[in-house]
Structures are given as C-alpha cells and as structure tokens.
Amino acid sequence: VSERALSLLPGSYKLWWDYLQFRSDVQSGGTVRGGDSVAPTGGPNPDQALASSSSHQAYRATVSAYERSLVRCNKNPRIWLSYISYVIRFDPTCNPTNVRRLFDRCLLALPATQHQKVWDEYLCWATCSMPPWLERSNVGRDMLGPVCSLLKKGKLYDAAGSDHDDVHDKAIPPETILRIVRRYVHSFDPSARELLADLCLQHERWGEGAVTLVSILNDAGYLSPRGTTRHEMW
C-alpha cells in the first residue's frame, strides 16, 4: 500500500517517513546479526551465505527504500539520521566505512545551518560517547538525535542478538576517529580542540596531543566546553 501511495506522491515526506519507520520496525524483529540464517558455521563461503540470507535481503530492501527516499527528500536531516542509525544497528557486515560514507554524504547534502545536529551524531558514533557539550547541557532524551539516543539507552550496537564483541571485530580504526574529530575541529568548531587532545592521548598520539594542548593554552579566549580551567589543562 505504501509503495502504491509513493508512486502517486513520490515527494511526500510524511509518506516516506511512515514507510521507512515501518520497514525499520519490521527489521528490528529480525535476525540480522548473530542469527542462524545469516552465516552458517562451517559453510564453504560465509559471504555468499550472508548475501543469500533472508535477513540480509530484508536489510538491502530497506536500504534501497532509504536511498529512493533521498532522491526526493535529500534536504531532510531526519531521514538522513534515521538512515544512518538503521545502518549502524543492522548492517550485517558491521563495516564502519559504510556509516562514515553516509555521514559524509549527509554533510554534503544538507545546508551548513543543519550541520551541528549531524556532527553531534557523527562524533557520538565515532567516539562511542556523548559529546561534552551535550553532556553539560543536560539535553533531554527526546531532543537527542537517533544515534545519541541509542547510545544513551545502551543500544548503539544492540541489534537482533548482536553484542559488542561483534562490533569489536571491525572496530573503528583510531586514525579514522582522529581524522573525523580533526575535521570537526578545523572546519566547524575550534572549541572542540580539548576533545581532540583527549583522543590523541587516549590513542597514544602524544605529539599531536601535546601540540593541541599548547594551542589551547596559548589561546587566551578559549572556553572549554567541559568547563575545564586552564590550570587543570596544565
């Protein structure tokens, strides 16, 4: 019924949104990760078994629906972020490159005035933690984006029987995390240099971390999003 309605009104945001949410809700009851139908143990070719599984086909059909919606509604951040959160939870390959490319496409498609919401979700996914400015502002769960909401609920990687061990098999490389945060700092919000410095130290990039901290201390007008004093940074 939804497909017939969309064939008549392909530019209707409400129809697309209801249809995409329905498909996502149906998928949430499937077995995309960790299910018996995904990758049988001991099979001759696990990749072929994954591609031919019914759950993977349902995932691909939903991804196709999201892609078709973006042909007409590519300026709507709600659809983009819903698409990204769906891929994060249900991509059977658990490949972070798929998510990163979606975030990059989202930033290219949306106007700069809507980038803050996207960057909050991007950093939340990359660092697997809430951005410090969201923690300090005590934003309600209803006001958070879908990725931040999943993290808040502890369900960022909890889909259809998956657990964090599945994600660790293809974890986000440290260099990818740092490049995402560097891009945010240099092109969008220089006040996030403290976050970049912390990540550099966490991933043992001592030189870059020290240089970033020195640049913060040399900036007399810098205000820490976390409320950290200059003495604490020393």
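**Salt bridges in the predicted model**

1. Asp104 and Arg100 form a salt bridge in which the closest N and O atoms are 3.7 Å apart. The model is a predicted one. Both residues belong to helix α6, where a spacing of four residues places Asp104 and Arg100 about one turn of the helix apart. Asp104 counts as buried, at 18% relative accessibility, because the cut-off for that class is under 20%. Arg100 is partly exposed, its relative accessible area being 26%.

2. Glu67 and Arg105 meet through their side chains in a salt bridge, at 2.9 Å from N to O. Glu67 lies in helix α4 and Arg105 in helix α6 (residues 96-109), so this pair ties together parts that are 38 residues apart in sequence. Glu67 is partly exposed, with 29% relative accessible area, and Arg105 is likewise partly exposed, at 35% relative accessibility.

3. In total, the structure holds nine salt bridges. One of them joins the side chains of Arg68 and Glu3, with an N to O distance of 2.9 Å. Arg68 is part of helix α4 (residues 54-73) and Glu3 is part of helix α1 (residues 2-8); the pair therefore ties together parts separated by 65 residues in sequence. Arg68 has a relative accessible area of 33% and is partly exposed; Glu3, with 37%, is also partly exposed.

Technical notes
Residues are numbered from 1 along each chain as its sequence is written. This is a predicted model: local features need pLDDT of at least 70, side-chain atom pairs count only at pLDDT 80 or more; totals for chains, interfaces and linings use all residues. Side-chain values use heavy atoms; hydrogens and water are left out. A salt bridge is a side-chain nitrogen of Lys or Arg within 4 Å of a carboxyl oxygen of Asp or Glu. Helices (H or I, at least four residues) and strands (E, at least two) are DSSP runs, numbered from the N terminus. Buried means under 20% relative accessible area, exposed over 50%, partly exposed in between (1.4 Å probe, protein chains only).
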